[in-house]
2 protein chains.
Amino acid sequence: MDINTAKQALDNIERMQYAYHHAMAIITNDASTVAPPESYACRGVALGILSGESFKLETSPELKEAVATLYENKEEAGEEYFRRAELLRESYRKLDKIPMEEFMAYQELMNDANVAWIKAKRDNDFASFAPYIQKILDTQKRFASLTDPDKDPYDVALDEHEEGTSREYYDKFFDEVKATLIPLIAKIREKEQPDNSWLKVSYPIEVQREFSDLVMDLFHLDKNHCVIAETEHPYTSGTCSQDVRITTHYYENDPIASLYSVIHEGGHANYELHVNPDYDYNCLSGGASMALHESQSRFWENFVGRSESFISVLWPKFQELFPEQTAGHTAEDLYRCVNRAEPSLIRTEADELTYSLHILIRYEIEKQLFEGTLRVEDIPAAWNEKYKEYLGVTVPNDSEGCLQDVHWSQGSFGYFPTYSLGTAYSAQILNTLRKELDFDGLIAANDLQPILDWLAERIYRFGCLKKPGTYVPDITGEPFSAKYYTDYLTEKYTKLYNL
Amino acid sequence: MDINTAKQALDNIERMQYAYHHAMAIITNDASTVAPPESYACRGVALGILSGESFKLETSPELKEAVATLYENKEEAGEEYFRRAELLRESYRKLDKIPMEEFMAYQELMNDANVAWIKAKRDNDFASFAPYIQKILDTQKRFASLTDPDKDPYDVALDEHEEGTSREYYDKFFDEVKATLIPLIAKIREKEQPDNSWLKVSYPIEVQREFSDLVMDLFHLDKNHCVIAETEHPYTSGTCSQDVRITTHYYENDPIASLYSVIHEGGHANYELHVNPDYDYNCLSGGASMALHESQSRFWENFVGRSESFISVLWPKFQELFPEQTAGHTAEDLYRCVNRAEPSLIRTEADELTYSLHILIRYEIEKQLFEGTLRVEDIPAAWNEKYKEYLGVTVPNDSEGCLQDVHWSQGSFGYFPTYSLGTAYSAQILNTLRKELDFDGLIAANDLQPILDWLAERIYRFGCLKKPGTYVPDITGEPFSAKYYTDYLTEKYTKLYNL
């Protein structure tokens with residue numbers, strides 16, 4: 001096969017692949033947002049078949065031939081085709097080892113698991129969800145034993161979510177983070193907390209919806225290509241740079257929860273919306289890795305969204321929408337409340353400081369599940385114990401405990417640690433950005449465009465072209481280090497709480 | 001191929017086919033309800049490819065072999081497999097003659113046309129939409145010349161929407177209908193009209209949404225399998241008996257428009273929801289024909305929804321939701337208003353009596369477009385002239401004129417006449433139903449279940465198993481005749497207006 005034929009073949013197959021991914025993404029998004037509650041069976045049939053067809057394409061001889069040609073002729077292939085070949089090669093290396101029927105059955109399992117999780121969370125019924133976790137775990141271990149027989153299966157899962165990571169990598173990372181967090185949290189425990197009772201009264205959901213709309217505008221989310229919906233668990237789902245969906249969850253007595261969901265998911269969305277549109281119908285589309293994706297969601301959520309400058313911009317708008325609820329309060333009050341560092345139950349609503357302890361708990365439980373030192377039925381007990389130990393909180397029920405997150409129902413073991421790692425990535429990136437832009441000044445002036453442009457130029461536009469591990473060193477000129485993250489937290493919270 | 005192998009092969013291929021149809025239905029529904037406005041290009045790429053894959057399956061040698069085996073062994077195949085073979089045989093007879101690239105391009109064209117129609121309607125800009133109508137017309141004529149070279153292309157379109165119909169068939173039908181309608185409408189023109197100004201004040205959309213929810217319950221729509229959304233033009237979209245979507249459009253100053261959209265689409269939905277679930281993943285799923293589908297939507301909308309008995313049930317609920325707007329009025333007032341026979345601009349909001357004239361106008365225009373005696377650019381002039389002639393109304397702009405309906409943007413030429421034909425079908429069916437059930441008594445007692453069961457037993461459960469033309473004779477014991485429809489209208493409106 002000559003190079004041009006290979007390029008053409010790859011374009012065609014990837015375009016077909018895109019059609020399947022588009023269909024599955026839209027069906028899954030529809031399922032979480034508006035589909036009739038009892039429609040999952042027929043959706044499962046469709047998703048199983050579509051994923052099977054997608055599987056066939058990803059492992060087809062035509063694709064492999066085109067990939068081999070381009071991979072072996074790096075120079076002539078050029079950077080973009082070579083990278084596509086490299087990514088697809090790794091993908092079919094794994095898929096080739098998994099029987100298609102098992103792969104399809106796994107897709108159907110996740111469709112069912114998601115429905116089961118929603119019910120279990122609603123009914124506080126962990127036992128009904130446990131068999132799904134077990135099956136997903138068993139399948140992932142089996143798949144790992146087929147694709148990477150010499151590796152530990154949890155290391156495989158971690159590496160799948162962030163290339164180059166492993167238990168060893170994360171153990172070291174979390175040790176550093178913990179060393180800063182635990183004493184900081186202990187010191188804050190002795191301090192007086194800002195009163196946030198005024199944020200726990202009724203904020204009508206209709207008005208919160210208007211507020212979300214306004215927040216999307218503040219973060220320059222292009223509504224021609226990005227819309228918001230409501231789901232049990234907020235997420236972002238993009239099919240290419242032209243079509244990205246975000247979701248949030250409204251709580252009448254907590255407008256802050258949805259606010260930071262919108263900013264967080266909006267960060268993911270802005271990443272996807274700014275990927276080079278030339279990559280729309282091939283595997284360079286989308287974010288480079290989970291940690292990079294989370295680095296951006298959490299950059300916008302925390303470094304921007306929880307900054308004093310941003311709160312000064314947000315405050316008058318928040319006041320205008322909720323005049324009664326905010327009467328007698330100031331921007332300073334809001335700033336203190338959204339940064340109130342306080343051990344709590346729910347990860348997505350956690351403050352910046354305690355957040356990584358929520359992640360650590362999940363990481364440790366996943367590690368034990370894969371090692372076999374924790375049985376699925378014992379997850380609630382382990383969860384509650386760790387929340388008591390690390391955060392000092394008592395978990396009142398599984399819905400607010402080990403059933404709170406959607407991830408396991410989607411088979412995303414190994415995902416959680418990327419939230420903390422990504423945050424640490426972006427702390428280091430922010431340090432560089434601050435040298436080039438007046439970060440706080442721009443935020444205070446409600447002029448986020450230069451910041452967005454800076455990130456789009458250095459990260460977003462590349463999609464999956466560059467290897468995930470290259471961003472932090474390329475942008476910052478240094479190897480990755482957790483210290484920017486821990487320094488940031490130390491400085492911010494020392495000042496906030498006069499430590 | 002032996003019979004059992006053929007059955008198995010057909011099941012497998014139809015299950016795959018279902019996956020494509022499911023995907024395309026969900027993507028299209030998502031597009032009309034929630035998708036970002038500028039996401040159509042990437043959706044078009046996906047839909048084009050999915051329809052191409054579906055096309056390949058529908059015309060695959062494996063399918064043909066299975067179909068041939070079952071078709072030639074009617075006895076051993078059994079009723080259901082034989083009918084599936086018969087339907088698929090006719091489908092690939094046509095598809096075989098259409099080049100796949102042209103078929104895919106046509107799917108993409110309709111995706112674009114729908115977007116263009118929404119913009120054109122919003123901006124009252126027929127000229128921007130005209131090229132799409134032209135391309136769709138040209139394609140349909142070309143396809144008809146390939147599949148049925150000996151037939152008139154509009155006859156092909158009519159037959160596709162209702163087997164056995166043609167211009168000759170509809171010309172005769174509409175002549176009979178017109179002969180009753182024109183003099184009735186003329187007589188009513190001399191009568192005093194009920195005052196409906198109280199229905200033209202503000203009915204907040206939030207409350208209208210609650211009202212829709214209640215109306216869905218009144219008509220026993222199973223919310224576990226059927227949900228409502230909002231679109232420019234109301235429609236029903238089902239993927240199988242487990243997942244049916246309906247939509248409506250709210251107008252703040254006209255709660256009646258959405259009320260009858262919900263009942264109409266709810267009629268379509270109840271049909272699809274009651275098809276034998278064994279047919280879920282094959283071509284027996286869904287309604288038997290467009291006229292039968294419309295017979296049911298219009299049965300529930302008009303014969304039930306616009307009856308005195310139903311209004312007596314609805315009235316207290318309507319009053320409760322809109323106490324201020326309905327103050328001083330009675331159920332009798334509402335009954336007269338929803339049956340106010342008055343020539344108007346918008347088909348979907350037309351009363352029962354003038355409705356078929358709206359259809360006749362569209363039928364005549366389509367006929368002329370296919371004959372070539374009307375140019376696309378002259379549609380607005382022809383439309384406005386016919387509205388003046390048949391209904392005596394002046395069309396103020398194309399948005400409320402020839403751009404009001406979604407159908408042409410979906411390539412549905414030949415669809416409109418099935419609304420009138422279907423209504424006439426159901427008038428005849430109602431005549432039989434009345435002999436077996438206390439129709440008015442059940443409605444007045446808010447006990448619609450026996451009526452729904454009666455229709456499900458005789459129509460819905462069969463899906464596409466029976467030929468569309470057999471329902472009316474089988475149920476009523478007589479050949480189809482328009483006289484039940486014209487008699488019904490004559491009796492109802494003579495009484496309403498004391499003619």
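## Basis of the model

Residues are numbered from 1 along each chain as its sequence is written, and chains are lettered from A and ligands numbered from 1 in the order in which they are written. As the model is predicted, local features need pLDDT of at least 70 and side-chain atom pairs count only at pLDDT 80 or more, whereas totals for chains, interfaces and linings use all residues.

## Relation of the two chains

Chain B is superposed on chain A by a rotation of 180° with 0.0 Å of shift along its axis (RMSD 0.0 Å), by least squares on the C-alpha atoms of residues with pLDDT of at least 70 in both. This is the relation of a two-fold axis. Ala23(B) is the residue of chain B that comes closest to the rotation axis, at 2.8 Å (C-alpha).

## Interface

In the interface, 33 residues of chain B are in contact with 33 residues of chain A (C-beta atoms, placed from the backbone, within 7 Å). Helix H1 (3-33), helix H2 (40-58), strand S1 (226-230) and strand S2 (236-240) of chain B each supply at least two residues to this side; helices (H or I, at least four residues) and strands (E, at least two) are DSSP runs, numbered from the N terminus. H1(B) gives the most, with nine residues.

## Helix packing in chain B

Helix H8 (residues 167-189) and helix H21 (residues 483-497) of chain B pack at an angle of about 5°, with their axes 10 Å apart. Axes are lines fitted to C-alpha atoms, for helices over the stretch in contact, and angles run from 0 to 180 degrees between N-to-C directions. H8(B) is therefore roughly parallel to H21(B) (angles under 35 degrees).

Methods: Angles under 35 degrees count as roughly parallel, over 145 as roughly antiparallel, 65 to 115 as roughly perpendicular and the rest as oblique. Two residues are in contact if their C-beta atoms, placed from the backbone, lie within 7 Å.
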